[in-house]
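Please have the sequence and the 3D view at hand while reading.

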Amino acid sequence: MNTGDRIGGDPIERLRAGAQAHRRPQKTRDCPGEDRLRLLLPGQVEPEEAERLLTHAAECDWCGTVLREAVQDLSEPPTREEEELAGKGRLADPARRRELVERIVKGKKEWWPPILLFLRRVAPAGALTAASAVVAGFFFQIGWLGGVPAAQRLTCRAYAEHRALSMRLMACTAYAPMHTERGVASSRLPDLLDAKARAARAVEAHPDDPAWLWLQGRTDLIDDNEVAAITELERARALRPKDAHILSDLGMAYFRKAEKTHNQQVYASAFERFSEGMALKPNDPALIFNHALTAQKMFAFSKAQADWDKYLSIDPNSGWAREAHGYADDLKKNLSGSGSTPPPQYPTR
Amino acid sequence: MGLALEEYPWDPYGDEDSPEALLRQCANMDDAQAWDKLVDRFRPLIVATVVRTMRRYGFDSAGLRDDLVQDVYLKFCANQAKVLREFQPRYPGAVFGYVSVIAANVVHDHFKSKGGKHPEPCPLPADLAVPSETEWRLLILDIENVFEREHTSARDRQIFWLYYRQGMSAKQIAAISSLKLTTKGVEAVIVRLKDLIRKALKNGKR
């Protein structure tokens, strides 16, 4: 005999009625922080903690209420009335907005860790400088000064300044002709040196961070060290298999290795990485460009043709598009049997 | 089909104009242009969240609203933009939910620091014969026993209790991204467990 039978009626209806009548929204010692509960909404809590929080909230009337109210308040986009309020608010005025931004950016520049504030008051200037260097070194070590996006921008600049590869780096839009000048080593580029140093320090501090491993691989790729790049990028890929940027750079590293070793198997590895990247980002111009070039090298002419057509529909006018036109024209010649197999030469510095 | 949310391949450095990329740019703290963009871009969302949360405490003044909206941005940049650095874009659109949560937390913290107590919710209206509290708690134990016996997953139990004890709708439960389910997915779980309980308690199995 169970309760459902003891008191009669539909157990589900009785459960619901009891829940309505006997709610006790009281905070207890076991209740988690309300801030953490709300972070369940955008999925910002690790799975184990999320399970603990949800199990608690499902049974605790206080936390259940916090969660329900958060969903009510936060899951709908702004209404027209709220948008109008935003339009009348203080920060709708660009001048007030600028003031706030200045305060934020200036605040950063004036930010001192407590230990340095103390030293600034009591220690002589020399000690202060030394302490600053130590703290700045520490922050640099853990990637606070710059971070991945800044290092990524450095790699884009370095590649644009000294492009030694035929392919496109993903997330770098600037066009640069191929650099064939002898005696100018990529590794002497200041931006590349800077990016390399940042990546090396960050990887040393965080060896399992796929973003920094990716950047380290990219710097080696630009430096024409595809063997090191493949090792680093394969590791980044193992840690984050569905990242199109990692896949694209890894494909480029394999392509470079295939160019040097004339190995069709290695071209196939490059082709697979680009294909995986394109499955994630089908309209990314760099991936399409690289995929097309690899297909052409592998004599997969129909695939290459389709890729170049797609590429030129997305990017019809840039410097990259001029190169794509050149490759596509050469492909047509090959298909008609009148062209030469080697790829054409493109503008160089 | 279509009941569980698909895993989104995280792409942190994709479109430079994406809100996720903007948050990362601002995390560097020295890009005034990016900060200006961020303040402008998220303003309607932050204002809406501030307004809704303030109303929970019975406040609706424009001056306080403006102050709290500004506090949200200052929260973003506090501790070298810790909040922005901690954000993990696990699926498209998560950034908007995250910004809303941070804004709501700022408002709740403000009222708590002023000693304002979050108003207790009124008991929901009951239009059914109500079991005594003892009977109701025994019923909960019986249901838990059924779940135990049938090896019901923790996630499904959470959904069931959020629905029947906390009075959340299937749509509201599906809005909890950590559960990774669509509204249809949540409804399917509720229907399945409801049938399970009815059958089990009707048959008198313990």
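## A covered helix

Helix H16(A) is mostly covered, since 11 of its 13 residues are buried, where buried means under 20% relative accessible area, exposed over 50% and partly exposed in between (1.4 Å probe, protein chains only). Helices are DSSP runs of H or I with at least four residues, numbered from the N terminus. Among the buried residues of H16(A) are A:Leu287, A:Phe289 and A:His291, and the buried residues pack against helices H14, H15, H17 and H18 of chain A, contact being heavy atoms within 4.5 Å.

The model is predicted, with local features needing pLDDT of at least 70 and side-chain atom pairs counting only at pLDDT 80 or more, while totals for chains, interfaces and linings use all residues. Residues are numbered from 1 along each chain as its sequence is written, chains are lettered from A and ligands numbered from 1 in the order in which they are written, and side-chain values use heavy atoms, with hydrogens and water left out.

## The disulfide

A search of the whole structure finds 1 disulfide over all chains, a disulfide being a pair of cysteine sulfur atoms within 2.5 Å. This bond joins A:Cys156 to A:Cys172, with an S to S distance of 2.0 Å, and the link is left-handed, with -70° about the S-S bond. A:Cys156 lies in helix H10 and A:Cys172 in the loop between H10 and helix H11 of chain A, so the pair ties together parts that are 16 residues apart in sequence.

Terms used:
Helix = DSSP H or I, 4+ residues; strand = E, 2+ residues; numbered from the N terminus.
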